[in-house]
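I opened my notebook to keep a record of what I look up in this protein. Have a look at it with me, and then follow the entries below.

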Amino acid sequence: MAAADSIGEYLVSARSFEEYRAMFALTDSDLTGTVLDCPGGGSSFTAAAAGRGCDAVAVDPVYADPPDQLAARQRDELDRGRVWASTHADRYVWDFYGGVDGHTRTRSAAAQAFLSDLAARPDRYRCASLPDLPFPDASFDLVLSSHLLFTYADRLDLTFHRAALLELVRVSRRDVRVFPLLDQSGRAMPEMVTSLTDTLAAQGISHRIVPVAYEFQRGGDRMLVLHRSPH
């Protein structure tokens, strides 16, 4: 995932396919059509999903960077994440990873899988950013968005969130799934979620908040599911 750190600066996180399955409650049938990961960052999800026969595409502004620069950013992010997790271990639930070392191994393997797939299949990785995506309406059966919306609510305002969610719905045929519903400090965002879903409902977009079998940030075990109601 790439998320705005400051104007023109991005963090590139490498989440694994298994993390995606858990945090988005993905079933085998979810992975039989077309799937968009936005923002994809350095995740191995697209590579692994494609290996299972899914037509997967990732979008992120960092894909404009040369591969060696992306690799360096991932190394920096892995180092930063390991130090942060070790120092603030009490903020997280470690069941999924078995501890800080397991978390680091998971992310390191995902980073390598991403870089290998990027080199082999660059067509799967599109340079673009919310709230403007280079796809026609209803291009994807399923759209996933991890650790950008709500996570960076201190830097991305309500107007951005509204435009981004509308754009994700525009390019989807079925669900849009957004995870988590916490900011990066672990603070829940109920007022923001309610404001956005009320606005979207007025435009014919229904929502559900769904518990998932994944919790890393404490309290971060819910995803937002959006769906455009049929006319």
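**Entry 1: overall build**

I began with size: a compact globule of 231 residues would have a radius of gyration near 17 Å, and the protein has 16 Å, which agrees. The radius is taken over C-alpha atoms, and the globule rule is 2.2 Å times the number of residues to the power 0.38.

I noted that this is a predicted model, where local features need pLDDT of at least 70, side-chain atom pairs count only at pLDDT 80 or more, and totals for chains, interfaces and linings use all residues. I also wrote down that residues are numbered from 1 along each chain as its sequence is written, and that side-chain values use heavy atoms, with hydrogens and water left out.

Along the principal axes, the C-alpha atoms fill a box of roughly 50 × 40 × 35 Å. I found six helices and nine strands in the protein; these are DSSP runs numbered from the N terminus, with helices being H or I of at least four residues and strands E of at least two.

I looked up burial next, and 54% of the 231 residues count as buried. Buried means under 20% relative accessible area, exposed means over 50%, and partly exposed lies in between, with a 1.4 Å probe and protein chains only.

The accessible surface comes to about 10200 Å², and 52% of that belongs to carbon and sulfur atoms. The areas come from the Shrake-Rupley method with a 1.4 Å probe, and for residues only the protein chains shown count as cover.

For contacts (heavy atoms within 4.5 Å), I took those with a separation of 6 or more: residues 24 or more positions apart account for 71% of them.

**Entry 2: the nonpolar cores**

In soluble globular proteins, nonpolar side chains tend to be buried together. I therefore looked for nonpolar cores, meaning sets of buried Ala, Val, Leu, Ile, Met, Phe, Trp, Tyr and Cys residues joined through side-chain atoms within 4.5 Å.

The largest core has 32 residues, and L36, L133, F150 and L168 have the most contacts inside it. At least two residues of this core come from each of β4 (55-59), β6 (140-146), α5 (158-170), β7 (172-179), α6 (190-201) and β9 (222-228). Which element gives the largest share of this core? It is α5, with five residues.

I then listed the contacts of F150, leaving out residues up to four places away in sequence; among them are H161, V178, L181, M192, L196 and L224. There is also a second, separate core of 27 residues, which includes F17, A48, F216 and V225.

R124 has its place in the loop between α4 (100-120) and β5 (125-126). Is R124 buried or exposed? R124 counts as buried, because its relative accessibility is 15%. Beyond residues up to four places away in sequence, R124 touches T46, A50, A56, V57, A58 and D117.

W84 is in helix α3 (residues 67-87). W84 has 34% relative accessibility, so this residue counts as partly exposed. Setting aside residues up to four places away in sequence, W84 touches R91 and Y92. From C-alpha to C-alpha, W84 and V100 are 9.9 Å apart in space and 16 residues apart in sequence.

L31 is found in the loop between α1 (17-23) and β3. With a relative accessible area of 6%, L31 is buried. Apart from neighbours within four places in sequence, L31 is in contact with F17, R21, L26, F45 and C54.

Most residues other than glycine have a negative phi, and most peptide bonds are trans. I went looking for exceptions.

A cis peptide bond joins C38 and P39, with omega about 0°, and P39 lies in the loop between β3 (34-37) and α2 (45-51). Another cis peptide bond joins L130 and P131, with omega about 10°; P131 lies in the loop between β5 and β6.

A138, in the loop between β5 and β6, has a positive phi near 55°. A138 is partly exposed, with a relative accessible area of 31%.

H147 also has a positive phi, near 55°, and lies in the loop between β6 and α5. The relative accessible area of H147 is 10%, so H147 is buried.
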